[in-house]
Amino acid sequence: MRSKTPFLTGFPTRLFGSSKRSAQGILERKRREIFSQGLGELSLQLGEELPPELMESCAETSRYRVYSHEVTFWAFLSQVIGEDGSCAKAVSEVQQWYRQGNLAVPSSNTASYVEARQRLPEAMLGKIHRHLFDELERHTTSENRWRTHRVKAIDGTSAQMPDTETNQAKYPQPSGQEAGCGFPVVQLVGLLDLNHGGWEDFVESTIQTSELKGLDQLFGCIARDDILVGDRAFVSYETVGRLLGTGAFFVGRNHQSRKLDFRKGKKLGPNERLQVWRKPHWQTPGSSLTQEEWRELPDEIPIRIIRSSALGRDSGPTTRYIVTTLLDAQKYPAEEIASLYLHRWEIELRFRDIKTTMGMEMLRTQSPEMVRKELMMHMIAYNALRLLMLKSSTIHGCNHRRLSFKGALQVLASSAGGFVASRGKPASRRGARSDLMERIAERIVPERPGRNEPREVKRRPKSSRWLQTPRQEHPEHFRHEEHPRKILDEAA
């Protein structure tokens, strides 16, 4: 089309006029402006731990979607942190976010959101998790570590999931249960940093797999000069030898199958000896090492044995023999090594935080692929809260190890309204953030030295019979063809 103006005749207006903006481009620009201020209260509360720039760099959405990767991530995170973890609740929150931004409110149907969760890249969740763990490391100085070492604990646990065919095929239920009468169970081996309390990674497998297999996959997370603390299941010649090869150290309780004569070896003190472990003549059954890797293990390993007294599970006195590769008795006193092993129990408490307090004990997703994503989302939520607690302790000068995880979660939920009111108001938002940190620092768990309680349940379950056959074959499952009449439904 030619210009009809008397100036610069013959030139098309396309060279000088502004290009037409598509309706979708305008909508996307408006949507980005609104979302840059935060998606709901959770994104405002964790705006410094999970900044918008991080979300934008990790998201891989290439075109406009109602459930973009960013929106889906925050909705998924709200499911994990909130008490109501249903998809319907997550969709209602997304509707509220769009309503607050004067955008078209999506449907209440959960199908689109479920599909969006399936599209959520696992690589994106991995980047976010790594960012949070690196932030935890950055806020933990060498003065906060035990003799400049990073101390990590390893242990195993399990979680159940919905009884679907795909979940049963990937993670079968325990063999002692009748088929169709139990739930699929995933075994988890977790690596916890005891200095700041953050989870470094989870490795999942079937319930029949040894926990040592999980350690094989976590070896890449153990760096030089790290100290790995484990229970008796991880005390083996292969594990200790591989740790020495990476320059790391080990602290654990002597395995019950290894005969120990405390009279032998070099005496280092009244309750410590220096002994030598010799390499077995044959490779351990179930070992993941190749024959060449097995031959590269040292023929002998010097081991320091420390004898300590403690209370057993029956509240009676017992003697523990702790083995360690920290051989310098002057630099690493025996009583500190024994105390270091007692800190292994903290991984059990952190399992309680993420499983019982956050609800990871019973997963909700219907497929093995989504199970992995749900586990990663729980790690992200847990580490984000740990980072909040660490920053709060630094600001208010308290010990972050004494702060209550459940208390911090309660404060996060109760402070949501203040953050929503501060949207678009930087000064008000800083005040809400300061109040959040102060409230978290108030939740201090009192010191309870020597506390010992039986691992038994007082509250009795309901007297319902156990399901002995698959529910589809149960006689009560079938209904009468003639349905009972419901007159109130007819009146409505």
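**Exercise 1.** Classify the exposure of Glu-204 and of its salt-bridge partner Arg-372.

*Solution.* 
Step 1. Glu-204 has a relative accessibility of 24% and counts as partly exposed; buried means under 20% relative accessible area, exposed over 50%, and partly exposed in between, with a 1.4 Å probe and protein chains only.
Step 2. Arg-372, at 16%, is buried.
Step 3. A salt bridge is a side-chain nitrogen of Lys or Arg within 4 Å of a carboxyl oxygen of Asp or Glu. The closest N and O atoms of Arg-372 and Glu-204 are 2.9 Å apart.
Step 4. Arg-372 is in helix α14 and Glu-204 in strand β3, so the pair links distant parts of the chain, 168 residues apart. Helices (H or I, at least four residues) and strands (E, at least two) are DSSP runs, numbered from the N terminus.

The model is predicted: local features need pLDDT of at least 70, side-chain atom pairs count only at pLDDT 80 or more, and totals for chains, interfaces and linings use all residues. Residues are numbered from 1 along each chain as its sequence is written, and side-chain values use heavy atoms, with hydrogens and water left out.

**Exercise 2.** Describe the salt bridge between Glu-48 and Arg-433, and then the one between Arg-402 and Glu-447.

*Solution.* 
Step 1. Side chains of opposite charge can pair when their charged atoms come close.
Step 2. For Glu-48 and Arg-433 the N to O distance is 3.3 Å. Glu-48 lies in the loop between α2 (40–45) and α3 (52–58), and Arg-433 in helix α17 (residues 426–442), 385 residues apart.
Step 3. Glu-48 is exposed at 51%, whereas Arg-433 is buried at 10%.
Step 4. In the pair of Arg-402 and Glu-447, the closest N and O atoms are 3.5 Å apart. Arg-402 sits in the loop between α14 and α15, and Glu-447 in the loop between α17 and α18 (487–491), so the bridge ties together parts 45 residues apart in sequence.
Step 5. Arg-402 is partly exposed at 25%, and Glu-447 is exposed at 59%.
Step 6. Shared partners join Glu-137, Arg-145, Arg-150, Lys-152, Glu-200 and Asp-226 into one network of salt bridges. The count by this rule is 31 salt bridges.

**Exercise 3.** Determine how helices α4 and α6 are oriented to each other.

*Solution.* 
Step 1. The axes of α4 (residues 69–81) and α6 (residues 111–119) come within 10 Å and cross at roughly 100 degrees. Axes are lines fitted to C-alpha atoms, for helices over the stretch in contact, and angles run from 0 to 180 degrees between N-to-C directions.
Step 2. The two helices, α4 and α6, are therefore roughly perpendicular (under 35 degrees is roughly parallel, over 145 roughly antiparallel, 65 to 115 roughly perpendicular, the rest oblique).
Step 3. Contact means heavy atoms within 4.5 Å. Residues making this contact include Phe-76 of α4 and Tyr-113 of α6.

**Exercise 4.** Locate Met-360 and list what it touches.

*Solution.* 
Step 1. Met-360 is in the loop between α13 and α14.
Step 2. Met-360 is buried, with a relative accessible area of 0%.
Step 3. Leaving out residues up to four places away in sequence, Met-360 touches Ala-159, Leu-188, Phe-202, Ile-354, Lys-355, Leu-375 and His-378.
Step 4. In α13 (residues 346–357), the buried residues include Ile-354 and Lys-355.
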